Amino acid sequence: QVQLVESGGGLVQAGGSLRLSCAASGQTFSSNAMAWFRQAPGKEREFVAAISGISGSRITTYYVDSVKGRFTITRDNGKNTVYLQMKSLNLEDTAVYSCAARRGRYSTSSSPLAYEYWGQGTQVTVSS
């Protein structure tokens with residue numbers, strides 16, 4: 001059974017940093033695209049970042065404009081884990097962050113409909 005488990009969320013002051021982790025189990029995801037989404041209270045789920053599966057030796061990443069230059073998505077296929085390094089956090093980054101994985105596809109997508117597997121999420125709260 002496929003399972004995605006996020007960790008690393010918490011309370012941080014504006015301008016601070018956090019690193020989220022998403023550990024996958026049940027199958028190897030090295031060839032699958034994975035992504036982070038977030039949902040703030042009263043708002044719709046929002047795409048944050050995605051990383052492709054391995055295609056040859058190439059891995060691509062994709063970010064929503066609001067986090068470019070501040071967030072970095074990486075993956076460690078040996079650990080079957082995806083990370084989201086977040087820097088220069090601001091109040092608008094407060095949300096529940098969830099990781100997701102595509103089934104059988106290495107290409108990224110910003111649509112949540114493209115991802116079949118989801119974690120339960122981890123809360124990130126940025127305070128002033």
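Reader: How many aromatic pairs does the structure hold, and how is such a pair described?

Author: A pair of aromatic rings is described by the distance of the centres and the angle of the planes. Rings of Phe, Tyr and Trp (its six-membered ring) pair if their centres lie within 6.5 Å; planes under 30 degrees apart are stacked, those over 60 edge-to-face, and the rest tilted. The structure holds five such pairs. In one of them, phenylalanine 29 and tyrosine 117 are edge-to-face, 5.8 Å centre to centre with 80° between the planes. Phenylalanine 29 sits in the loop between strand 3 and strand 4, and tyrosine 117 in strand 10, 88 residues apart. Strands are DSSP runs (E, at least two residues), numbered from the N terminus.

Author: This is a predicted model, in which local features need pLDDT of at least 70 and side-chain atom pairs count only at pLDDT 80 or more, while totals for chains, interfaces and linings use all residues. Residues are numbered from 1 along each chain as its sequence is written, and side-chain values use heavy atoms, with hydrogens and water left out.

Reader: What kind of pair do phenylalanine 37 and tryptophan 118 form?

Author: Their ring centres are 5.0 Å apart and their planes stand at 50°, so the pair is tilted. Phenylalanine 37 belongs to strand 4 and tryptophan 118 to strand 10, 81 residues apart.

Reader: Is phenylalanine 37 buried or exposed?

Author: Buried means under 20% relative accessible area, exposed over 50%, and partly exposed in between (1.4 Å probe, protein chains only). Phenylalanine 37, at 0%, counts as buried, whereas tryptophan 118 is partly exposed at 27%. Serine 110, in the loop between strand 9 and strand 10, is partly exposed at 35%. Serine 110 is in contact (heavy atoms within 4.5 Å) with Phe37, Phe47 and Tyr62, leaving aside neighbours within four places in sequence.

Reader: Which residues of the largest nonpolar core touch the most other members?

Author: A nonpolar core is a set of buried Ala, Val, Leu, Ile, Met, Phe, Trp, Tyr and Cys residues joined through side-chain atoms within 4.5 Å. The largest has 28 residues, of which Leu4, Trp36, Leu84, Met86 and Tyr97 touch the most other members. Another core, of seven residues, lies apart from it and includes Phe47 and Tyr115.

Reader: What is the strand order in the open sheet of four strands?

Author: Two strands pair if DSSP finds at least two bridges between them. The order is 1-3-8-7, with antiparallel pairing. Strand 1 (3-7) and strand 7 (71-76) are at the edges with a single partner strand each, so one side of each lacks a neighbour in the sheet. Six bridges join strand 3 (residues 18-25) to strand 8 (residues 81-86), and arginine 19 faces glutamine 85 in strand 8. By contrast, strand 2 (residues 10-13) runs parallel to strand 11, joined by four bridges.
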